[in-house]
There are 2 protein chains.
Amino acid sequence: MSTIYDIAKKVGCASSTVSKALNNSKEISKKRKAEILAVAKEMGYVPNSSARSLTTKKSWSIGIVFSEDLHIGLEHHFFSGVIQEFKKSVEELGYEISFYSKKIGNQSLTYLEWFKYKDLDGILIVTVDVEDENLEALRQSKIPVVTVDSGLINVPTVISDNFQGTRMALEYLMSRGAESIAHIAGPLRSFAAVERLEAFKSVLSSCGREESVFVEASNYDYKSGKEALYKLIKLTKDLPDAIYAANDDIALGAIMALKELGYKVPRDTSVIGFDNIELTRFTSPSLTTVKQDKRKIGTEAAKLLIEQIDKKTERTKGIIKRIPVELIIRESTK
Amino acid sequence: MSTIYDIAKKVGCASSTVSKALNNSKEISKKRKAEILAVAKEMGYVPNSSARSLTTKKSWSIGIVFSEDLHIGLEHHFFSGVIQEFKKSVEELGYEISFYSKKIGNQSLTYLEWFKYKDLDGILIVTVDVEDENLEALRQSKIPVVTVDSGLINVPTVISDNFQGTRMALEYLMSRGAESIAHIAGPLRSFAAVERLEAFKSVLSSCGREESVFVEASNYDYKSGKEALYKLIKLTKDLPDAIYAANDDIALGAIMALKELGYKVPRDTSVIGFDNIELTRFTSPSLTTVKQDKRKIGTEAAKLLIEQIDKKTERTKGIIKRIPVELIIRESTK
DNA sequence: TTGTAAGCGTTATCAC
DNA sequence: GTGATAACGCTTACAA
């Protein structure tokens, strides 16, 4: 494992000269540089990132946090796509990504401590649990941060246009004759769930429907969707004409529950989801849904973060970037 | 951002004493230790991992490589589960994971160089492209490595029991009356694809079927599955009684192609996949498949890697750990 | 253009 | 039990 000293010795120059050659510095002759580069190659020299970031305070590495409590992990249908795209974008620029884990060695670190500990250049936070106290310190700090699907004040956020999406969904349902529409909200400790619920109420009331019926699913998953549907049925005397679910997994769970109850979708009620996960094309009935643009979300998040790292943007701006969504009509709606 | 020097100054002791207090060293008095720890906490001290690994040569971080060329990314139905579980296992022990990217800064690194560059403690390689030249140096090195689904000699590997799985699938098909069975292999630059193909041939011949019909899908995805089915149809005069696909995505693609051709599954032919991705429960017909135990694969990989890191195992052993699979019978088979 | 030397924040060795 | 001090590998003023 050779160092710049080894190279320097072999070439017969100072280590700082080697450093200059390696870092495309101007203050070095072409000849020396070529010579050094050749020796470096010959010796299979690789710089050491620890030593480098110790002096430069730049690690070329970006941390990713996701709320495993909200069941957001690498396997998540939607967010894994966002992360994949984010990864691709920042790698173009030479950054590497690593994942947060609560336990480092034998102590547990907050996000902010982790950032310091690892000399990270920035952090991406994917979805936020509003009950996570860990977040407040991060919010108040000045470190480069970007979030996806959070409503954190003073933190740049990339998020789908939930209002637009909800309206598209509801207007479509109404245009197809739905009188009563119920909502299965996502867990309300997630920001997107709150936004979609608010949008739901707002759109309905602007269309002159006085009461908005909804239940909250305990999680964003299939099982919670099923349970929520049963809760909904208890709440309403009649089956609503349509059900707008906060995401696809919940929608699919709801459809399953409806099947168990002997109902047919969309004959007895229409169901519409949110996300457009791959599954939705394959289920039967296939699922009408609001498509989120995960690629775009990932690249925009990367852009917003890199701008901060490069000091081109003041973080205090607290930009919120809305990404357009699209209604995908399939078989689960009349 | 305080350092051990700041703490030392405040407490009125040497930095080395602080270090001892922080690292549970024996050679320090209880009193001093308590005092130092209190001040450290008060100042919000967080160690610096770069400085630490520079001296200790241990980064507490594990690198993950996946073959994006084989379309194995974070979104992959199967491998994302393996990685998630691997992550969980190593985090328990205080390790963090980070992802390989070809470009670090402005130069591209081989896996081995990356390992050196980042002071990694070990590497997990998820699926291998046998054409990846980058791999050979890694194979010959002595660094802690574990792979999933590779056939690299002298590298500990965790892999499903493809032979067992293939036999279970084929025997089931035959028990249900299938005379002719064709195979859609995965891309043969992946090790698992080769194993499953070999197993297919071997099982059939051991059952007295002379010729084994198969085509190779160009990738492990839906689209390739569709294309492969069309290729298969051209190859065989009649539709085989059953089709054994190298994975679920391919199987699903094949079923779609069959539908397009006017065939019904399983009426006209049975289809069986491999992996048991979530989708398989929801498609219509739902897919009979060989279930891989991704949780177990992830934890076993972690175990094998940590053993090497802790020097409990010589890597040269080249252990290959087979994980049992399970046949999940659904509607796509008669 | 090249070299010297300090410094980044730790840990580790060895006196005291 | 405690404290100097070197070392880890690199970058960067500053001096030559």
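Ile123(B) has Val145(B) of β6(B) as its bridge partner. The model is predicted: local features need pLDDT of at least 70, side-chain atom pairs count only at pLDDT 80 or more, and totals for chains, interfaces and linings use all residues. Residues are numbered from 1 along each chain as its sequence is written, while chains are lettered from A and ligands numbered from 1 in the order in which they are written.

**Strands in chain B**

Strand β5 (residues 122–126) of chain B runs parallel to β6(B), with four bridges between them. Strands pair if DSSP finds at least two bridges between them. Helices (H or I, at least four residues) and strands (E, at least two) are DSSP runs, numbered from the N terminus. In a regular strand, side chains alternate between the two faces of the sheet. Strand β6 (residues 145–148) of chain B is covered on both faces. Val145(B) and Thr147(B) are buried on one side, Val146(B) and Val148(B) on the other. Buried means that 20 or more other C-beta atoms, placed from the backbone, lie within 10 Å of the residue's own.

**Core**

The largest nonpolar core holds 180 residues. Such a core is a set of buried Ala, Val, Leu, Ile, Met, Phe, Trp, Tyr and Cys residues joined through C-beta atoms within 7 Å. Ile184, Ala245 and Ala254 of chains A and B have the most contacts inside it. Leaving aside neighbours within four places in sequence, Ile184(A) contacts residues including Phe214(A), Leu232(A), Ala245(A) and Ala254(A). Contact means C-beta atoms, placed from the backbone, within 7 Å.

**Two copies, one contact**

A rotation of 180° with 0.0 Å of shift along its axis superposes chain A on chain B, at RMSD 0.1 Å. The two copies are therefore related as by a two-fold rotation axis.

**DNA strand C**

DNA strand C is surrounded by 26 residues, the closest being Cys13(A), Ser16(A), Arg32(A), Ser16(B) and Ala51(B). Near means a C-beta atom, placed from the backbone, within 6 Å. Here α4(B) gives the most, five residues.

The table sorts both surfaces by class.

Conventions:
Copies are superposed by least squares on the C-alpha atoms of residues with pLDDT of at least 70 in both. A residue is buried if 20 or more other C-beta atoms lie within 10 Å of its own, exposed if 12 or fewer, and partly exposed in between; C-beta atoms are placed from the backbone. Two residues are in contact if their C-beta atoms, placed from the backbone, lie within 7 Å.
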